[in-house]
Amino acid sequence: MSTPPADPASAQFATNPPRELPKRRGTELVLLAFATFIVTIALVLVEANQEQELTSSIIWLGLSYLGVLTAAHLAVRRWAPYADPVILPCVALLNGLGLVMIHRIDLALAERAIQQGKEYTPDVTKQVLFTAISLVLFVVVLVVISDHRTLTRYGYICGLVGIVALALPAVLPSSLSEVNGAKVWIKLPFFSIQPGEFAKILLMIFFASFLVTKRDLFMVAGKKIAGVELPRGRDLGPILIAAAACLGVLVFEKDLGTSLLFFGVTLVMLYVATERVIWVVLGIGFFAAGAIIAYNLFTHVQQRVRNWIDPLATYDDAGGGYQVAQGLFGLGTGGVGGTGLGAGRPDMVPEAKTDFITTAIGEELGLIGLTAMLMLYLILAMRGMRSALAVRDTFGKLLGGGLSFALVMQIFVVVGGVTNLIPNTGITAPFLSRGGSSLLANYILVALLLRISDAARKPAVRPKPQQPQAPLAEAHTVMVQRPSANGEVSAS
């Protein structure tokens, strides 16, 4: 008859050993190859419908794209072998479709420039360069952050840096920060950067670490009014700070999208940490009150609302509904099946490569193609949420949930704005739109999601068995000898 292990943890592993999950890296590579095939076919269709000469450069472009993604796959295989195998292929396909649409709009704008006797520099080359840089940064994050829990040590530093990055464009002169009416940039001689894209990740790290350490404070109920247990007044500090920060971004930077995104993610993380709906209700109330105040005080907010209510009524006004109306016309032209890649007129919509790239997809791929694109975002977010639920530590659950919801919230704000469901916000679609800051920040976000999913799927390490110790009653008596003052050894 065998004796049971003395250590409870060892006994648990003996009766219920951890299940070895497959790494599924081969599945990830096959999905990456399939994504590259779709992107290459899309490029061929664009070139054919634009009556461009089909050359071997398309094949080489597809192979180069596959090579860059294979390098990212090898990095995941080496430094995050148990990461979710679906996240990276979804990102690759979205990024590839974005490159295709930017190239397609470049062709139309280049033809228009030739007709006007002007020169045109395509943006797709810069976007490919930013994609390569983003994947390098993606690998660096995987290598440097070997355990996502180490980020808790820098939670308050991330919060401070995030607030500074979010507020910096507001205090800079308009010549250094304003583009198309929004003060969200830092324009330098050789490049421009949008610090708010990185601030959202830093602030999510801060809120996750803060809520882990202060979770019990938010669980304490205050007064009970009409059957609802309200939080204590002194516990409302974080949500008031978040509301003030979002209102400041809305007022001083004229950026409705960033303020809505930041506040929504804060509320969701607070709800996940406490499981109390009252925090969401209070947050929505604070945001609604701030939005009403901003509408009554600032003309640019009033203009956005008028454009939302009836874009045709403000069609010819400066800063009016021309852009929204043109986007709706494009979506109506696409219908269910779309006009076909390269056969529409997405260049008729201002900023079609950035804020309104989803209308270009809806016009040329139709409702079917736009729905498929939204499903890719949904799959990406659901796999991230699944990893957040499966990870063992609370910080990983909060951070993974916040990062995944940020993707959903951002694409909701983008598509809701261009379809006139909500006022147009002016933020970019993750991985699709042209822009280096957005691409760099979102690849950092994906690297963190993969790190959390690796920790969630990695088998638990079996604890080392401890040597059984004899009971105190059976322990032997040990005679200790000490030297005397004259150097002789005496027993004690």
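Contact here means heavy atoms within 4.5 Å. Keep that in mind for what follows. This is a predicted model.

Let's start with the whole chain. Take the contacts between residues at least 6 apart in sequence: 72% of them join residues at least 24 apart. The protein chain has 492 residues, and 47% of them count as buried. Its secondary structure comes to 17 helices and 8 strands.

Next, the core. The largest nonpolar core has 104 residues. Which residues have the most contacts inside it? They are Phe138, Leu399 and Phe431. Helix 4 gives the largest share of this core, with 14 residues. Look at Leu399 for a moment. Setting aside neighbours within four places in sequence, Leu399 touches Leu151, Met204, Ile205, Ala208 and Ile452.

Now to helix 4 and its partner. Helix 2 covers residues 25-49, and helix 4 covers residues 87-115. Their axes come within 9 Å and cross at roughly 10°. Angles under 35 degrees count as roughly parallel, so helix 2 is roughly parallel to helix 4. Who makes the contact? On the helix 2 side the residues include Leu31, Leu32, Ile38 and Val46. On the helix 4 side, Leu93, Leu97, Val100 and Arg104 are among them. By class, this contact has 15 nonpolar, 2 polar and 3 charged residues.

Stay on helix 4, because there is a charged residue to check: Asp106 sits in this helix. Is Asp106 buried or exposed? The cut-off for buried is under 20% relative accessible area. Asp106 has 3% relative accessibility, so it counts as buried. What does Asp106 touch, leaving out neighbours within four places in sequence? Its contacts are Tyr120, Pro122, Asp123, Val124 and Lys353.

On to a loop. Gly342 lies between helix 14 (322-334) and helix 15 (357-390). At 4% relative accessibility, Gly342 is buried too. As for Glu364, it is 22 residues from Gly342 in sequence, and 7.2 Å away in space, C-alpha to C-alpha.

Backbone next. Arg24 has a positive phi of about 60°, and it is not a glycine. Where is Arg24? In the loop between helix 1 (8-15) and helix 2. Arg24 is partly exposed, at 40% relative accessible area. Then Asn420. Its phi is near 65°, again positive in a residue other than glycine. Asn420 is in the loop between helix 16 (394-418) and helix 17 (436-457). With a relative accessible area of 19%, Asn420 is buried. The cut-off is under 20%, so Asn420 falls on the buried side.

Last, cysteines. How many disulfides are there? The count comes to 0, taking a disulfide as a pair of cysteine sulfur atoms within 2.5 Å. Cys90 is buried, with a relative accessible area of 6%. Cys158 is buried as well, at 11%.

Note on methods
Residues numbered from 1 in each chain as written. Predicted model: local features only at pLDDT ≥ 70, side-chain atom pairs only at ≥ 80, totals over all residues. Heavy atoms only, no water. Axes fitted to C-alpha atoms, helices over the stretch in contact; angles between N-to-C directions. Helix = DSSP H or I, 4+ residues; strand = E, 2+ residues; numbered from the N terminus. Parallel < 35°, antiparallel > 145°, perpendicular 65-115°, else oblique. Buried < 20%, exposed > 50% of the residue type's maximum accessible area, 1.4 Å probe, protein only. Core = buried A, V, L, I, M, F, W, Y, C linked by side-chain atoms within 4.5 Å.
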